[in-house]
Amino acid sequence: MSTGPSPSIWYDASLGGLQRSLSSMRQVAYLDHLIPIPDELPSVEAAPILCAGVTVYNILKQLTDTPPGSWVVVHGAGGGLGHLGVQYAKAFGYRVLAIGIAPEVIWRRRNVDSLDADSGADKRDLCISVGADKFLDFKDSTDLIADIKALTDPLGAHAALITTHAGAAYVQAGFYVRAHGTVMCLGAAQEVSGLPMALIIDQGIKYIASQTGGRQAVYEALALAAQGKVRCHVVERPLEEINSVLEDMYKGRLAGRAVITF
């Protein structure tokens with residue numbers, strides 16, 4: 001029994017069976033179906049881990065042939081997924097190059113006259129504060145591929161974590177990831193054209209994707225946060241400001257994650 005609209009139910013084998021989308025304030029559930037939140041985590045910090053956190057954690061776990069010390073490029077590192085991706089990548093022992101001001105923001109600037117500038121300084125400060133080894137501001141680069149190789153390794157980065165929705169990021173990754181490297185696909189680009197398929201095939205570059213993670217990944221992602229190895233940068237906003245939050249998201253003004261409280 002719930003208080004609020006009826007939840008939707010669907011089947012997803014990759015997530016372990018039937019899934020429920022809850023839009024109610026209270027929900028009765030079987031204890032075996034619940035995942036406890038560690039006492040060390042306030043609810044406002046745990047909430048983003050259950051979505052963005054487990055998503056980036058789960059796909060990073062798939063880098064089984066990428067040893068600690070390897071370079072991982074996080075594209076869109078100042079956002080909700082991205083800044084958590086930086087931290088989980090560091091927890092796995094990787095070196096991280098964070099790329100701020102995601103390319104979709106540049107695209108939106110050509111389409112929204114009143115778009116406010118996404119602060120490169122804010123994104124840089126956030127990424128460095130959560131552990132990024134290096135930071136590259138997208139808007140300051142005239143040759144992103146060359147700059148990434150200069151900041152990581154002349155052979156290219158070992159892996160790229162794409163959290164932006166811009167198709168260009170997937171194309172660029174095909175050029176700056178080294179032979180036998182991995183591109184992790186999280187940003188849901190509507191379409192991607194211009195992938196260097198001949199180069200990708202010749203270099204053995206892998207493109208892998210993941211929607212989110214299962215129960216075990218949730219336990220592990222929460223455990224790392226409870227240990228203090230990952231902490232979501234949270235901005236609390238009341239429910240009455242939901243529309244302005246969505247506007248900030250659209251215009252690229254949010255650094256980290258917004259959590260609606262009521």
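This section describes the confidence, fold content and selected surface features of a predicted model. Local features require pLDDT of at least 70, side-chain atom pairs count only at pLDDT 80 or more, and totals for chains, interfaces and linings use all residues. Residues are numbered from 1 along each chain as its sequence is written, and side-chain values use heavy atoms, with hydrogens and water left out.

The average pLDDT (the predictor's confidence in each residue, from 0 to 100) is 84 for the protein. At least 70 is reached by 83% of the residues.

The protein contains 9 helices and 12 strands. These are DSSP runs numbered from the N terminus: helices are H or I with at least four residues, strands E with at least two. Among contacts with a separation of 6 or more, 67% join residues 24 or more positions apart. Of the 262 residues, 46% are buried (under 20% relative accessible area; exposed is over 50%, partly exposed in between; 1.4 Å probe, protein chains only).

The protein exposes about 13500 Å², by the Shrake-Rupley method with a 1.4 Å probe; for residues, only the protein chains shown count as cover. Carbon and sulfur atoms supply 54% of this area. Leu239 lies in the loop between β11 (234–238) and α9 (242–250). Its relative accessible area is 43%, so Leu239 is partly exposed.

His180 belongs to strand β9 (residues 177–185). Its phi is near 65°, a positive value in a residue other than glycine. His180 counts as exposed because its relative accessibility is 59%.

How values were computed
Contact = heavy atoms within 4.5 Å.
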